[in-house]
Amino acid sequence: MVGPNVTLNKIPQLDTTNSSVDIDLIGIAKNNNERSAAVAFMSYSMMENLLKPDFFNTSNDTVKTMMSTVISATLPKTTNTKLTKPVNFTFKHIREFDPSGSLSCVYWNISEWIVDGCSVLKTNSSYTVCSCVHLSTFALIMQTSRPPESSQLLDLLNLVCVIVGLVFFSLALLTFALCQWSPGVNNVARINICISLLLAHLLFLLTQQFLTVIWHKQVLCAVISGLLHFFFLSGFVWMFIEAVMLFICVKNLSQISSKKREVLSSGFLCVIGYVVALVVVCISVGLVPEGYGSER
């Protein structure tokens, strides 16, 4: 805030964690009868998750990424709010910059992001400077071209391979479940490996076939992503359990024992095989919730 007796020639830069603003507050004050003016500069934490880049309507079909935190600048308790010079905002990139992408300085207008009155002055891999002729709520959005759609041949090949895999998973599951060659052989780990990978590939197949239906349902996409993570991860845990059981089996071959007994019960193995995977998925959801159900 400046008053009529200000002695500064230039207002110092106002900074937040990831952004800053240069504004000619002294010139604005001179245009007011009271010879005073004030500026408020705010940065909103996580607001980019609400005012998403999808609200930026463009004619071309591109992938839009929010590259900055959302900020606001206003002139409170100032009668004449007309700017004497354009205001420059410096945004620190909060995501990795793609040199092939196109940057847009945007401001929020009721229900969408628009670029009227704002332009990019300069940019590098870490920062972008925007110039605007008015004050509002601002952000920096990057547009990149969408990856090319996979060809029909690759889609067909993917479909055939997954179906063939499901058939052999089913045969392996029936074999381990119905054919018990020796009472001393524990097939629990092998059966559950087949179950985990069978369900994972079946869910993956159904997801690919109905992708256009679930694409815009973010909660459903997140749930499916979490289930895929869980099933594939439980498959790896069961592989580890199988390796441990094989090691114990080979070790017991070198020892003479009159009484055979199972080292670990089947129920305990099931708890390890699925709970470990579930814990990892829950921690992942808690730490990086946006990692599930994203465009990738």
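**View 1. Two disulfides are counted in this predicted model, a disulfide being a pair of cysteine sulfur atoms within 2.5 Å.** The model is predicted, so local features need pLDDT of at least 70 and side-chain atom pairs count only at pLDDT 80 or more, while totals for chains, interfaces and linings use all residues. Residues are numbered from 1 along each chain as its sequence is written, and side-chain values use heavy atoms, with hydrogens and water left out. With the bonded cysteines of the protein numbered in sequence order, the pairing reads 1-3, 2-4.

**View 2. Cysteine 105 and cysteine 130 form a disulfide, with an S to S distance of 1.9 Å.** The torsion about their S-S bond is about -75°, so this disulfide is left-handed. The pair links distant parts of the chain, 25 residues apart: cysteine 105 is in strand β7 (residues 102-109) and cysteine 130 in strand β10 (residues 127-132). Strands (E, at least two residues) and helices (H or I, at least four) are DSSP runs, numbered from the N terminus. Cysteine 105 is buried at 3% relative accessibility, and cysteine 130 is buried at 1%. Buried means under 20% relative accessible area, exposed over 50%, and partly exposed in between (1.4 Å probe, protein chains only).

**View 3. Cysteine 118 and cysteine 132 form a disulfide, with an S to S distance of 2.3 Å.** A torsion of about 120° about the S-S bond of cysteine 118 and cysteine 132 makes the disulfide right-handed. Cysteine 118 lies in strand β9 (residues 118-123) and cysteine 132 in strand β10, so the bond ties together parts 14 residues apart in sequence. Cysteine 118 counts as buried at 12% relative accessibility, as does cysteine 132 at 1%.

**View 4. Cysteine 221 is in no disulfide.** The nearest cysteine sulfur, that of cysteine 282, is 20 Å away. Cysteine 221 is buried, with a relative accessible area of 15%.

**View 5. Helix α5 (residues 218-253) has 36 residues.** From first C-alpha to last, α5 reaches 53 Å, close to the 52 Å expected at 1.5 Å a residue. The expected span is 1.5 Å times one less than the number of residues in the helix. Cys221 is one of the buried residues of α5, which also include Phe230, Phe231, Trp238 and Glu242. The buried residues of α5 pack against α3 (188-209), α4 (211-214) and α6 (266-287), where contact means heavy atoms within 4.5 Å.
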